[in-house]
Amino acid sequence: MTFPVLPAHELGLVVAVLIGFGFGFVLERAGFGRAPKLAAQFYGTDMTVFKVMFSAIVTAMLGLVLASTVGLADFKVVADHAASATFLLPMVAGGFLLGAGFIMSGYCPGTSFVAMASGKLDGLYTILGVIVGQVAWSEVEWRPGFAWFHNAGNFGNYYLWELFHLPAKAGPVVVALAVTAMAVGCFLGAEKLEKVLSGRADPVAMATPAGKPGRLVFAGFAAVVLVGVAGLALPSSTQARIREAPAIGQLDLARRVFDEPWRLRIVDLRALEACATRRIPGAECVPADKLGSLGLAYANPSRDLVLVGEGDLLELPPAAAAYTGRVFTLQGGWKGWETFALVQPAPLAAGALPADVELYRLRSGIRSAMTGMKAAPPPPTPVAAPAGAPRKAGGGCSG
Amino acid sequence: MERNPNKFWNPYLAGVALGLVLLSAFLVMGNGLGASGASLRFGIAALDVLAPAHVAKTAPLARAAASAHVSWLVFEILGVLLGGFVAAYTSGRLKIEVLKGPRIGTGARVALALSGGLLMGIAAKMTRGCTSGQALSGGALLSVGSWAFMFSVFGGGYALAWFMRREWR
């Protein structure tokens, strides 16, 4: 991660002045140093406040999301550093209070500084009020009776993607795209509303029309949404391409070869001669470099694909990853299979655990079935078979 | 440069420009933009003159006085004043005056500015940031509290707008 830079103290203060300069300059040029223009937001005749704020939020948000996507920054790290924790109750209550103060003074705290810098005395008085209010609340916020309210609804650092239960990695991107799409819709609505409301002869209405630059911004945001959604759709298929195929154990595969071979598609990736000599029953001999010719991406996904290599498959061939059904790799590959299923297991010592005995019986059975050799006589069963019910004749050669 | 006090930047382009400023603050300083932290620090400075020992005894004030984040905001606000001044001067809007609607006197307007500021000061301390720090910066960072705050601000403004119409219309 490269950002945030976090320059050393002195340099940081110089940068702070520079960034503040940009902040103040843009606010003034947008008209935020003039109370009547700001207040017009709440009469619907001039939605400049909304337009500037929302497009600024979208721009900064998309920029940070982009920086995170290419790995220059981490959205959550920056957010944890720069955003305050969520205290829901005081934030909602304080929000209403601040909105009320906004329409009374005509400024918010930030714009009152710009107003003061451009000589507006109402801005200066607003700042004085803000300072007194802040000090007053600081006096009481930690005292009994106020502290519970001041700290009510503490969610810590809490983000919209967490609110909507989105995954931490894709969450910021998804929410950012949704906010951007919402912004474009709201901008179009704001333009319409202004047109309707300023149709009435209004001396104070002085909205700046969106015009060509505005439409350009709409189109830019809309394009970002489209590209972003396409980008979100693509990674899911690239993820599929680099997905990890789970390994299937030899015993599980053997069971399935006997029990439900019609739900398996075993592909042996070894050299053709080796595969032709000996292979797992039902396996297709397809050398790894010919795998693409199977057209697995379009094959019926109802069967589980099992890939058999010489040993463990280190990476999933892309042609197999494109298969839309489930994909497994055989644990240990052909070598593992050979030692498991084609070699007679070592006889058990007396007093072996019942589980080992069971495994021994299974492996002997599998071996005899796979190699066509008669099974070694099973070791004596540790528990006497229940008498009574006639034993079902089945399966084995001795039946 | 042409100076027309009634000519403003296109709001959307201004928004994108503001967004880029905010983005550079995120990426360089790891901080968002803000304002109310700085005004609190000015209040603390005033208190230090009036009642020197008081700040150290009041935990929230002492915390703000020592906060590095607030120091960044103080210098950022110095920049805001500078930038606002230059922009106002170059656009012909630099003028000592009281801005108000046509139907209200200067005294009433100043009183409303002062009391509105007072409410906002209380609110900004309560919400851990104002429209710049909480709504703008926190909103861009997708903080839940910031978005709740933002909707509340607009709610509060619209709720009171009808009662304040004589001040502006």
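In chain B, what percentage of the contacts between residues at least 6 apart in sequence join residues at least 24 apart?

Guide: This is a predicted model, in which local features need pLDDT of at least 70, side-chain atom pairs count only at pLDDT 80 or more, and totals for chains, interfaces and linings use all residues. Residues are numbered from 1 along each chain as its sequence is written, while chains are lettered from A and ligands numbered from 1 in the order in which they are written.

In chain B, 57% of the contacts between residues at least 6 apart in sequence join residues at least 24 apart. Two residues are in contact if their C-beta atoms, placed from the backbone, lie within 7 Å.

Now the make-up of the chain. Chain B has 9 helices and 0 strands. Read from the N terminus, its elements run α-α-α-α-α-α-α-α-α. Helices (H or I, at least four residues) and strands (E, at least two) are DSSP runs, numbered from the N terminus. The C-alpha trace of chain B spans about 45 × 40 × 35 Å along its principal axes. Of the 169 residues in chain B, 59% are buried. A residue is buried if 20 or more other C-beta atoms lie within 10 Å of its own, exposed if 12 or fewer, and partly exposed in between; these C-beta atoms are placed from the backbone.

Take helix α1 of chain B, residues 11-29. Its 19 residues reach 26 Å from first C-alpha to last. That is close to the 27 Å expected at 1.5 Å a residue. The expected span is 1.5 Å times one less than the number of residues. In α1(B), 15 of the 19 residues are buried, so the helix is largely enclosed by the rest of the structure.

R128(B) sits in the loop between α6 (106-126) and α7 (131-140) of chain B. R128(B) counts as buried because it has 23 C-beta neighbours inside 10 Å. H165(A) lies in the loop between α9 (160-163) and α10 (171-197) of chain A. H165(A) is exposed, with 7 other C-beta atoms within 10 Å.

Next, the domains. Chain B is divided into domain 1 (6-96) and domain 2 (98-169). These bounds come from an automatic or database domain assignment. The domain centres, taken over C-alpha atoms, are separated by 17 Å. Domain 1 of chain B gives 7 residues to the contact, and domain 2 of chain B gives 9. On the domain 1 side, 3 are nonpolar, 4 polar and none charged. Ala, Val, Leu, Ile, Met, Phe, Trp, Tyr, Cys and Pro count as nonpolar, Asp, Glu, Lys and Arg as charged, and the others, Gly among them, as polar.

Last, the partner chain. Contacts link 118 residues of chain A with 111 residues of chain B. Helix α1 (residues 9-30) of chain A gives the most to the chain A side, with 18 residues. By class, that side has 78 nonpolar, 32 polar and 8 charged residues.
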